[in-house]
Amino acid sequence: MELGERKLKILTAVIETYIRTGEPVGSKVLTDCLDNAVSSATIRNEMAELSAMGYLEQPHTSAGRIPTAQAFRLYIDHLMRRHPLSEEDRQSIDELLTAFAGDPDKLIGEASQALAASTGCAAVTTTPSMQSSGIRRIEVMRVSPRAAALLLMTGGGALRSRVCRFDTDVDDELTGRLSAILSDNFTGQAPADIGLPQVQRLMVSLGEDGLRCAPALTAFYELAQESAEAEVLLSGQLNLLRHPDYELARARELLGFLSRREQLMRMLSASPVGLHVLLGSESPRPELAGSSIILTRYTLGGQADGSIGLIGPLRMDYAATIPRLEYFAQAMGRLLSELLGEDT
C-alpha cells in the first residue's frame, strides 16, 4: 500500500463515518473521530492528497468528502475489521432455517428472504447445481384412472413433479412398472446427461405399452431437463428503493436488470469460489456501476454448489454484512447436506 499510517487512519475514519451517516465527512468530524490526535489543518491537507490519489471525492459544493469505489476496495481488502455475529444472532439464524430444513426449496427461499430483511439489501440465491449430481428417486403414482403424478428428486434435494395424462385407463401395476423401469435406468445418472434418445429407447423396450406410456416418459424427460438447471431466487428488491444513495433512474435501471433472471444467473455462475466483492465498475454489468455485490458459495458434501449474495449501494456496512452472509451460507450448506445425507 502506498499510503502512510496517518492517511490510512484518516481514510478508514472517513469510510466508516460515511457508512454510518451517509453524509460527506469534514475535517471537524474527523478531528473528533481521531480523538484530537491530528489537527484539523493536517487532516484537511491529508484529505486533499487522498482526493488527488482517487480515494476521496467532493460532492457538489460540500466541504466534506466521500469515499470512492477505490477507497472501499482498499478498505475491504486491507483496513476493515469484521464484526463477528453474536451467539444470539447465530442461534436466531439456525432456528429460522432449521424450521424449513425438511424442504430444500423452502430452506433456500427462506434464507434469501431473511438475509434481505436483516441487511436491507436485495438477496440473491441459486438452487444447487445439478450438472453432475445424480438422480436419487423416481416415482410414478396413479392419481386418477387416466392421470399419474411423476416425482423426481435429485441428489441436491430438488424435488420436481408433474402430472401426465394418458389416452387410456392405467392401473397401479403399470405405474409401478414405470417407476421400477425409470429407477433402474436413471437412478444415479446426472439429469444433464439424460438425452431424448435414451428415453425413446426405453419406450421401445416397453413393447406394446410403449406408446401408452409415452406421456409419462415425456414428463420424465422434461423434469430431468428442468432439474439440470439451477434457479435464481431474488428477495428484497424493494429494499433498494429505500436507500437514499440511489437516484430513481438508477434504481429503476438496477431493478430492470435484476428482473432478467438469465443474465443474473450468468453473472452468478461466473463468480469464483470463496467470498467475492464487486464494487461499482468492477461489475461486468453497467446497471451495477453504482452498486456493490457480495457473493459467496454454499457447499454440499464439501463441494461448492449454489451461490448466495447481496446487492446494495456502495455505502454498505461491509464489516457487519460480510460475516452475516458467510454464516447464512454455512448454515444453508450444513442443513442441506444433513437433509441429503451428504458428508460435510
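**Note on the salt bridges**

1. At 40% relative accessibility, Glu-49 counts as partly exposed, where buried means under 20% relative accessible area, exposed over 50% and partly exposed in between, with a 1.4 Å probe and protein chains only. The model is a predicted one, in which local features need pLDDT of at least 70 and side-chain atom pairs count only at pLDDT 80 or more, while totals for chains, interfaces and linings use all residues. Residues are numbered from 1 along each chain as its sequence is written, and side-chain values use heavy atoms, with hydrogens and water left out.

2. The side chain of Glu-49 meets that of Lys-7 in a salt bridge, at 2.7 Å from N to O; the term requires a side-chain nitrogen of Lys or Arg within 4 Å of a carboxyl oxygen of Asp or Glu. This pair links distant parts of the chain, 42 residues apart, with Lys-7 in helix H1 (residues 5–21) and Glu-49 in helix H3 (residues 40–52); helices (H or I, at least four residues) and strands (E, at least two) are DSSP runs numbered from the N terminus. Lys-7, at 14% relative accessibility, counts as buried.

3. Lys-28 and Asp-32 also form a salt bridge, at 3.3 Å from N to O, and are separated by about one helical turn because they stand four residues apart in helix H2 (residues 27–33). Lys-28 is exposed at 57%, whereas Asp-32 is partly exposed at 43%.

4. In the salt bridge between Glu-282 and Arg-73, the closest N and O atoms are 2.6 Å apart. Glu-282 lies in the loop between strand S8 (276–279) and strand S9 (291–300) and Arg-73 in helix H4 (residues 69–79), so the pair ties together parts 209 residues apart in sequence.
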